[in-house]
Amino acid sequence: MSGRLAVVGIGPGDPALLNEQAKSALADADALYGYRAYLDRVPARQGQSRHASDNRQETARAAAALAHAARGANVAVVTGGDPGVFAMAAAVCEEIEAGPPALRALDVTVIPGITAMLALAARVGAPLGHDFCALSLSDNLKSWEVIERRLDAAASGGFVIALYNPASRARPLQLRRAFERLARHLPGSTLVIFGRAVSRPDERISITTLAEAGAEDADMSTVIIVGSAETRLIDRPGRAPLVYSPRKQTVPAGSGGSSRRGGA
Ligand code: SAH
């Protein structure tokens, strides 16, 4: 079978953060599939068809893109950030596993991109410089109970936590509940960084603490990094502060995230 499917990460938004592999995969494709807002970021090319869909339709989009590739076309599925982080690469794998055996003969490549938490971390310093994890707060595909259990584990384990999908109109209360949950383990002085539309013209970044963090400061274009007991802030005259997590463990073993040592 000659069909090809590339799942392409286009990074957080700034075209300068699109890598060369992604650029050539997008330029070479006969057909592009993706969420409308992501497709809008890819320059148009004559003769290339575009199949935009709604953000929620990952399964249908993956199935359609695979079926198109199975007919012999060179198809690219476009995702923001990295395709493997809460995105289309897993949806494509799910469809290959569940779908007709012929899909397993397709040439499938995943082209990495800069994911939102890395783009935000780079903006403020090095908050992910020590151990960290990433969690999606969306309960479309998992239960809220599981989300709370993972928040407990991450915070008590001393991980810096990146929160994706922190809010949507359909679930306005979840971020507040997540902050309350984290506050069971972490002091109010724990640093929290909000990054909205990171690397795009309307980027907005703010640094606050868990005690001050407001759930209304986040929307679906926001990623949040919640520091650990290790995360620190360096004030600088006339410049934005640097937030970082030192490479060396500074908090005694066993204290997890519940140390009183804050950064701010
Ligand atoms: N694959 C994407 C994540 C998809 S989930 C990636 O690797 O970045 C969608 C979530 O990603 C959003 O709700 C938001 O939390 C985050 N996100 C994606 N791009 C972002 C950006 N430029 N700035 C801030 N958050 C972003």
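This is a predicted model: local features need pLDDT of at least 70, side-chain atom pairs count only at pLDDT 80 or more; totals for chains, interfaces and linings use all residues.
Q: How many residues surround the ligand, and which are the closest?
A: The ligand is surrounded by 20 residues. Asp82, Val85, Thr115, Met220 and Thr222 are the closest of them.

Q: How does that shell divide into nonpolar, polar and charged residues?
A: The shell around the ligand holds 11 nonpolar residues, seven polar ones and two charged ones.

Q: Which polar backbone atom lies 2.8 Å from an oxygen atom of the ligand?
A: That polar backbone atom belongs to Asp82.

Q: What share of the ligand's accessible area does the protein cover?
A: On its own the ligand has 540 Å² of accessible area, and the protein covers 93% of that.

Q: Turning to the domains, what does the assignment give for the chain?
A: It gives domain 1 (4–114) and domain 2 (117–244).

Q: From which domains does the shell around the ligand draw its residues?
A: Domain 1 and domain 2 each supply at least three residues to the shell around the ligand.

Q: How many residues of each domain are in contact with the other?
A: Nine residues of domain 1 are in contact with 11 residues of domain 2. The centres of domain 1 and domain 2, taken over C-alpha atoms, are separated by 28 Å.

Methods. Residues are numbered from 1 along each chain as its sequence is written. Side-chain values use heavy atoms; hydrogens and water are left out. A residue is near a molecule or strand if one of its heavy atoms lies within 4 Å of it. A polar contact is a pair of N or O atoms within 3.5 Å; within protein, one must be able to donate a hydrogen and the other to accept it, and residues adjacent in sequence count only if both atoms are side-chain atoms. Accessible areas come from the Shrake-Rupley method with a 1.4 Å probe; for residues, only the protein chains shown count as cover. Ala, Val, Leu, Ile, Met, Phe, Trp, Tyr, Cys and Pro count as nonpolar, Asp, Glu, Lys and Arg as charged, and the others, Gly among them, as polar. Domain bounds come from an automatic or database domain assignment. Contact means heavy atoms within 4.5 Å.
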